[in-house]
Amino acid sequence: MKKLSARRRHPLAALVVLLFALVAIGGLYAAFAPAEAAQADSSAQSLKIDEGKKLFAVGCSSCHGLNGEGSSDGPSLVGVGSAAVDFQVGTGRMPAQQPGAQVPRKKNIYSQNDIDKLAAFVASLGPGPVTPTKDQYTATETDAISKGGQLFRTNCGQCHNFEGAGGALTQGKFAPSLENVDEKHIYEAMQTGPQNMPSFPDSTMPEKQKQEIVAFVRYQANEAPNPGGLSLGSLGPVTEGLFGWIFGLGALIAIAIWVAAHTTKAKKS
Amino acid sequence: MSHDMSDDKLPQAHDASDAHGDVAVTDNPFADPGLPAHQPRRTDIDERAAKRAERQVSLMFLVSMLATVGFIASYVAIDPDKIVYIFPLGHISALNFALGMTLGVALFCIGAGAVHWARTLMSDVELPAERHPIEADDEVRADVIEQFKTGAAESGFGRRKMIRNTLIGSMALVPLSGVVLLRDLGPLPEKKLDVTAWNEATPAAPIRLVNMNTDEPLKAEDVAVGSLTFAKPGPSASRPAGLQESDEDFQQAIAKDALMLIRIQPDDIKDANSKALGFEGVLAYSKICTHVGCPISLYEQQTHHALCPCHQSTFDLSDGARVIFGPAGHPLPQLKITTDASGYLIATQGFNAPVGPSFWERSA
Ligand code: FES
């Protein structure tokens, strides 16, 4: 107490008191005001859409137009739904480095919270596939993996390879590997058909079948044993042949040189 | 055989110049130095080293034998479905690992043993092999040419043009008999590829398009723009239950009947004919490549290109599946589709061209 009273006449005392008062009022406002504001506004959803719109204006509007109506640089987003936004932004494909038929995956710079806001805004433009919940893309049945394998070979294997290792398309485009892809993103890709991938809507591939495919892809990437040992990327005869020629033959040549270079003579020359 | 390594046992190293006598260096600075002196190997002069090498070689052959026995034993003993974890390789089949390892060791030891044997114990005396020019001398050559000319003159080959030309003709034709034998690779497909299950469809008895995934008939509104769906024929007169995977001839049938269904905004369809065969932008194409018949379905929904993975034939599905790249000779056959009263997609006639690869009797 002594110390406090001793400093009461300090020239900065008034400033400190003022700061205290400001912090206290600000804190009180922060604690009470937003709740009141949310009640005053229609819903948390519309707040989200508003915030999404702001994020959209900064990150997306230069290609997709201020209201997502599209431009010569990017397609209209009316009706693509929140699942498409969650996939494209969540995998870092959007914002794209450059527009084109193949937008490669890169590091995602948005938080899931921001992605949800963006998705809410885009979903408000027109009805479309909705971001799936966890129980929508998680299969529960025990035979899901084997059924998923069959569906994968019918619908996906032609582009993504029989193990999901990815493959080449026309003119430099490619179907990416599915190995480290989030389950939710695999599901969303089937729902929305990103870039050149065709979509597999619920009308032709029901939710349950998509779950089974997701289960199979996860199993392939994480648990499936590899009967032969070295998988060499599971790309088939091309990598195996290349490996045989370069490493197999290379090793044999190296051994031959080593054998010939080591003399067995009693006297080294 | 009790030899010791000692200096007097070393074979006399002979001087290189001995082989060719004295060479006057001043006359020819690049004189042939001859063979270097033969150097004995340790195993040549030390019987103990030789014995050791012998034992090493036999040991390797013995290991190879054991590995072969191990190969047979693992083939018999290991359950083919057993998966084990082996460090850098991960979860792998125990049988594959055992077979590969034992066979590898067996072959490697034979090779290594043979190399070791050749290097330490087989004779390594240098043997010169002299080289001579390979052509005959002028006299012989002149004689042969003379004889050839005489022979040609006697046969009248140059004079009797008819004989010469017919001979050339007959020689040229002989290889054809080999080509004709290729016919045995047949039988030719005849009309088999002209006829698919869809041919049974008529306006009176249409065939529904059934989703390969769900086994349910497809409605036109199920097929969204940008989506890709695979379909097979539904119930028909000869197959009342529709094509089922349990059918005995399923593989044969699906190899001709498989469809890929896409939907394009009607305005984006470039080929009027193809547009007419579809239903409100839903197009049904054969899934079988017209090059040599691989199943194709690498469909890109923005470019509308379908790529064949076998030899990269590319078809533009928005333009009547025209071939825009690659070896395929024909566009993909298209199926005329429409809907029935309840909105299900149906076919009322067969494909507009024979499915699958080109062949001699192909009608279109
Ligand atoms: S089979 Fe399709 S390109 Fe050869």
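I began with the cut-offs for burial: buried means under 20% relative accessible area, exposed over 50%, and partly exposed in between (1.4 Å probe, protein chains only). By that rule B:Cys289 is buried, because its relative accessible area is 1%.

I noted that this is a predicted model, where local features need pLDDT of at least 70, side-chain atom pairs count only at pLDDT 80 or more, and totals for chains, interfaces and linings use all residues. Residues are numbered from 1 along each chain as its sequence is written, chains are lettered from A and ligands numbered from 1 in the order in which they are written, and side-chain values use heavy atoms, with hydrogens and water left out.

Cysteines. I looked for disulfides (a pair of cysteine sulfur atoms within 2.5 Å) and found one over all chains. The bond runs from B:Cys294 to B:Cys310, with 2.0 Å from S to S. I read a torsion of about -100 degrees about this S-S bond, so the disulfide is left-handed. B:Cys294 lies in the loop between β6 (282-286) and β7 (298-300) of chain B, and B:Cys310 in the loop between β8 (305-307) and β9 (314-316), 16 residues apart. Strands here are DSSP runs (E, at least two residues), as are helices (H or I, at least four), numbered from the N terminus. B:Cys294 is buried at 15% relative accessibility, whereas B:Cys310 is partly exposed at 33%. I then checked A:Cys159, which is in no disulfide; the nearest cysteine sulfur belongs to A:Cys156, 9.0 Å away.

Salt bridges. I counted a side-chain nitrogen of Lys or Arg within 4 Å of a carboxyl oxygen of Asp or Glu, which gave 20 salt bridges over all chains.

B:Arg263 is in strand β5 (residues 259-263) and is buried at 14%, while B:Glu280 is exposed at 54%.

Charges. B:Asp137, B:Glu139, B:Asp143 and B:Glu146 gather in a negative patch on the surface. Patch residues have over 30% relative accessible area and no salt bridge, with like charges joined within 9 Å. B:Asp143 is in helix α4 (residues 138-155) of chain B and is partly exposed at 43%.

Conventions. Patches are made of residues with over 30% relative accessible area and no salt bridge: like charges are joined within 9 Å, nonpolar side chains (Val, Leu, Ile, Met, Phe, Trp, Tyr) within 5 Å. Accessible areas come from the Shrake-Rupley method with a 1.4 Å probe; for residues, only the protein chains shown count as cover. Lys and Arg count as positive and Asp and Glu as negative; His and the chain ends are not counted. The place of a charge is taken as NZ of Lys, CZ of Arg, CG of Asp or CD of Glu.
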